[in-house]
Amino acid sequence: MAFRASLRLAAAARPAIRPEDSPSGTLIREHAPFMVATYARPPPVFVKGEGSYLWDVEDRKYLDFTAGIAVNSLGHCDAKMAELIAQQSQTLIHASNLYYNPWTGALSKLLIEQTRASGGMHDAAAAFICNSGSEANEAGIKFARKVGKVLRPDGSKTEIVSFRNAFHGRTMGSLSATPNPKYQAPFAPMVPGFRVGDLNDTAALPDLVTDATCSVIVEPIQGEGGVQVASDEFLLALAKRCREVGAVLHFDEIQCGLSRTGTFWAHSHLPKEAHPDIITTAKALGNGFPIGATLVNERVAEKIKVGDHGTTFGGNPLACRLGVYIVERLAEKGLQEGVVKKGEVFRKGFEALRAKYPELVKEVRGKGLILGLQLSEDPGAIVKAARERGLLVITAGTNTLRFVPSLVMSEQEIQEGLRILEEAIEATRQ
Ligand SMILES: Cc1ncc(COP(=O)(O)O)c(C=O)c1O
């Protein structure tokens, strides 16, 4: 069995580099006091990336199953992207949204055309380009509020519904739609008018989504929440309910979209009647360069007027030039077929792990290359053991290992990572 053989060949954990006498230790000691402590970071200091790998300052190599949290879908330091950065940065980087440039509109057009061609949001009409996922959601939330205000100027249609375990971002609007006490409590009060339901609870929809609802925001696959998949039946019922009460349906595809599930959008396989009025995207849209976008249909677009929203950096020619290249690559059929095949390679590996460690591995969730392995314990020790053996993995939700690698990772690299993961699990059983 491949897994057993690999165990015999397994390299032991690399010797830990002692922070006090290593280049990484020196750098961390020098820099950390000046960085607001919003993250608890492990020791590696990454200095280089190429394809599926990262290298730290001590020149140790890591296979990356995280892709910068579902960002580097084309791998690290894609050569064409580097070329375009060089070209565009010598041509035009920024001139502001007060003027036209060739690339903001080109990216908007491409996103809309690809969306329609993909079988997703059939009536997609226009895009607002910004800098991040939170900002894309913020725009979506504001646009939906505006729709509600236009429909009912008395302000009686302003409620926004989101779902438990959702993650929509850290700005006050997107945070108000992220019903996680750990993230919300220190910053309460939240923006008023947000309500919370349970994903896949179809029976609760009539009471949850009402005449007062202006928008429902939902991830077709919750990423941070533990790779929880919204069922097709639920999304169909949700869309039906939104249409009954005249609410805007907003799909947050920031993590699960842009071919990560094997189709351009995670909802692309759904029938027209389940399509959203708003899609938000970011992460892979820039493959590491900051960018986000809010796509809307005509029903939303016609209600947004000059001056309603804006951004200084959003949609600058450099980011959008890259976005055009990245969307073209991610929309390739061959790449999407590869995602499905690679997802199967992961699943086979996970099933082998489940058979070997039935007490530990409880469930496999997700689609394509957004996958979750539900464990019965805190995965922290496994994540650390994997990192010490040269594999980067991240967690999500409660005791879930999350796999969101580059979409161009080879099957051989996936097998290599699965072998290291098994070694890491084995090491934590002793
Ligand atoms: C589904 C989803 N929405 C929104 C966000 C926020 O994006 P950003 O961190 O770019 O603001 C994230 C980030 O993890 C996400 O996964």
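**Entry 1: a proline in a loop.** I began with Pro189, which sits in the loop between helix H8 (181-184) and S6. This is a predicted model, so I keep that in mind for everything below. I looked up the peptide bond that joins Ala188 and Pro189, and it is cis, with omega at about 5°.

Entry 2: From the loop I moved on to the strand. In what order do the seven strands of this open sheet run? I noted S4-S12-S11-S10-S7-S5-S6, with mixed pairing. Strand S6 (194-197) is an edge strand, and so is strand S4 (124-130); each of them pairs on one side only.

Strand S5 (residues 159-163) and strand S7 (residues 213-218) run parallel, and three bridges join them. I found Glu159 standing opposite Thr213 in S7.

**Entry 3: a helix across the sheet.** Which strands does helix H6 (residues 133-151) lie across? My list reads S4, S5, S7, strand S10 (248-252), strand S11 (278-281) and strand S12 (292-297). Against S12, H6 runs at about 25°.

**Entry 4: the ligand.** H6 came up again when I turned to the ligand. I counted 15 residues around the ligand, the closest being Ser132, Gly133, Ser134, Ile254 and Gln255. H6 gives the most to this shell, with three residues. Sorted by class, the shell has eight polar, four nonpolar and three charged residues.

**Entry 5: the other sheet I looked at.** This open sheet has four strands in the order S1-S2-S3-S15, and its pairing is mixed. At its edges I have strand S1 (46-50) and strand S15 (391-392), each pairing on one side only. S1 pairs with strand S2 (residues 53-56) in the antiparallel sense, over four bridges. Here Lys48 stands opposite Trp55 in S2.

What is the phi of Asp59? I read a value near 65°, which is positive in a residue other than glycine. I flagged it because most residues other than glycine have a negative phi.

**Entry 6: two domains.** Where does the assignment put the domains? Domain 1 takes 2-77 + 334-428, and domain 2 takes 83-331. Their C-alpha centres lie 28 Å apart. I looked at the contact next: 25 residues come from domain 1 and 24 residues from domain 2.

I followed up on the domain 1 side. The elements giving two or more residues to the side that touches domain 2 are helix H3 (67-70), helix H13 (333-356), strand S13 (361-367), strand S14 (370-375) and strand S17 (400-403). H13 gives the most, with five residues. By class, I wrote down eleven nonpolar, eleven polar and three charged residues for that side of domain 1.

**Entry 7: the whole chain.** Last, I stepped back. The protein chain has 15 helices and 17 strands. Its radius of gyration is 22 Å, close to the 22 Å that the globule rule gives for 430 residues, so the chain is as compact as a globular protein of that length. Along its principal axes, the C-alpha trace spans about 70 × 55 × 45 Å.

Terms used:
Residues numbered from 1 in each chain as written. Predicted model: local features only at pLDDT ≥ 70, side-chain atom pairs only at ≥ 80, totals over all residues. Pairing = 2+ DSSP bridges. Contact = placed C-beta atoms within 7 Å. Axes fitted to C-alpha atoms, helices over the stretch in contact; angles between N-to-C directions. Near = placed C-beta within 6 Å. Nonpolar A, V, L, I, M, F, W, Y, C, P; charged D, E, K, R; others polar. Domains from an automatic or database assignment. Rg over C-alpha atoms; globule rule 2.2 N^0.38 Å.
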